[in-house]
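Me: Hi! I'm new to this one and would like a friendly walk through it. Can you show me what we're looking at?

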Amino acid sequence: MSELERQSCRRVIFDRVLGKGTFSTVYKALVEPDNEHIALKIVHLQNIVHDPKTVRDCVNEISNLKKLNHSNIIRCLWWDFSDFELKIGLELATGGDLRRIIHEHYDKFSLIKESIIWSCGVQLSSALYHMHKSRIMHRDIKPANIFVYGLKEEENSLYERWRGVKIKLGDFGFSKNITNSLDMTCRSVLGSPLYMSPERMLHQKYYFDSDIWSMACVIYEVCDIMIYNIIKCNY
């Protein structure tokens, strides 16, 4: 069946809102006839037609995700335009995002086990290696954009709940594909200030290693739970 035929017979049943942005809403949804639960991002185009930057971010998210195929990167399943809306079907993160593991441990004054930290670090590093090898810079790496799979909800022990989870990097709205040899660096100040590299904060040119700085900030936050209280107060 062609993609056009799949679109014509696709039926989406909305479940609940997972998150909201300025111009978009993300829903948990069931897609028939595949009976697949997805994260459905809907961008309201009538609100952004006069905002070229936001339109460009939407196009970037789709085009860059389509170029990436890695077990630690959220998959873009399909997308289409209809009724002045851009619909993007994304892989559903069943365990929420990395903020959840930080929040749960902080609430119980418990450190995250070293084996879990190592696992998250290795998986995130693997995602970055694949992404950078594909000449794509993420530019907004933070716990809210790192999604969790395989969480054992029934376990009471924090370690058992989080042991063996899989993480995937998502939200590529600020990503940039650097394929032109004349455009090997960036200057745009995008992303979340708490995870930005110094050169980005200083409005200087930056490169792929800026993503690595952001990843290191995430790992530090996971290692030192108490820093979460400071970060929480700055949002």
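Reply: Here we go through a pocket, a cavity and a few residues, by question and answer. This is a predicted model, where local features need pLDDT of at least 70, side-chain atom pairs count only at pLDDT 80 or more, and totals for chains, interfaces and linings use all residues. Residues are numbered from 1 along each chain as its sequence is written, and side-chain values use heavy atoms, leaving out hydrogens and water.

Me: Great. What volume does the largest pocket have?

Reply: About 1,200 Å³. On a 1 Å grid over the protein atoms alone, a pocket is an open set of points with protein on both sides within 12 Å along at least five of seven lines, while a cavity is a set where a 1.4 Å probe fits but cannot get out; lining residues have an atom within 4 Å of a point. Points are joined across faces, edges and corners, and the volume is the space filled by probe spheres set on them.

Me: And which residues lie nearest its centre?

Reply: V26, K41, N145, F147 and D171, out of 39 lining residues. Elements giving two or more residues to that lining include strand 1 (11-20), strand 2 (24-32), strand 3 and helix 2 (52-67). Helices (H or I, at least four residues) and strands (E, at least two) are DSSP runs numbered from the N terminus.

Me: What classes of residue are in the lining of the largest pocket?

Reply: There are 14 nonpolar, twelve polar and 13 charged residues. Here Ala, Val, Leu, Ile, Met, Phe, Trp, Tyr, Cys and Pro count as nonpolar, Asp, Glu, Lys and Arg as charged, and the others, Gly among them, as polar.

Me: Tell me about K41. Is it buried or exposed?

Reply: K41 counts as buried because its relative accessible area is 14% (buried is under 20%, exposed over 50%, partly exposed in between, with a 1.4 Å probe and protein chains only). K41 lies in strand 3 (residues 36-44). An unreviewed UniProt entry annotates K41 as "binding site"; such annotations may be inferred rather than shown by experiment, feature names are shortened, and positions are given in the numbering used here.

Me: Which side chain does K41 make a polar contact with?

Reply: The side chain of E61, at 2.7 Å. A polar contact is a pair of N or O atoms within 3.5 Å; within protein, one must be able to donate a hydrogen and the other to accept it, and residues adjacent in sequence count only if both atoms are side-chain atoms.

Me: New topic: how many cavities of 30 Å³ or more are there?

Reply: One. The largest cavity has a volume of about 40 Å³, and its lining includes R139, D140 and I141.

Me: What about S175, where is that?

Reply: S175 sits in the loop between strand 8 (166-169) and strand 9 (176-177). It counts as buried because its relative accessibility is 0%. The S175 side chain makes a polar contact of 2.7 Å with the side chain of N64, and a polar atom of that S175 side chain lies 2.6 Å from the backbone oxygen of F172.

Me: Last one: where does C120 lie, and what is it in contact with?

Reply: C120 lies in helix 4 (residues 114-133). Leaving aside neighbours within four places in sequence, C120 is in contact with L98 and I167, contact meaning heavy atoms within 4.5 Å. C120 and V165 are 45 residues apart in sequence, and their C-alpha atoms are 8.4 Å apart in space.
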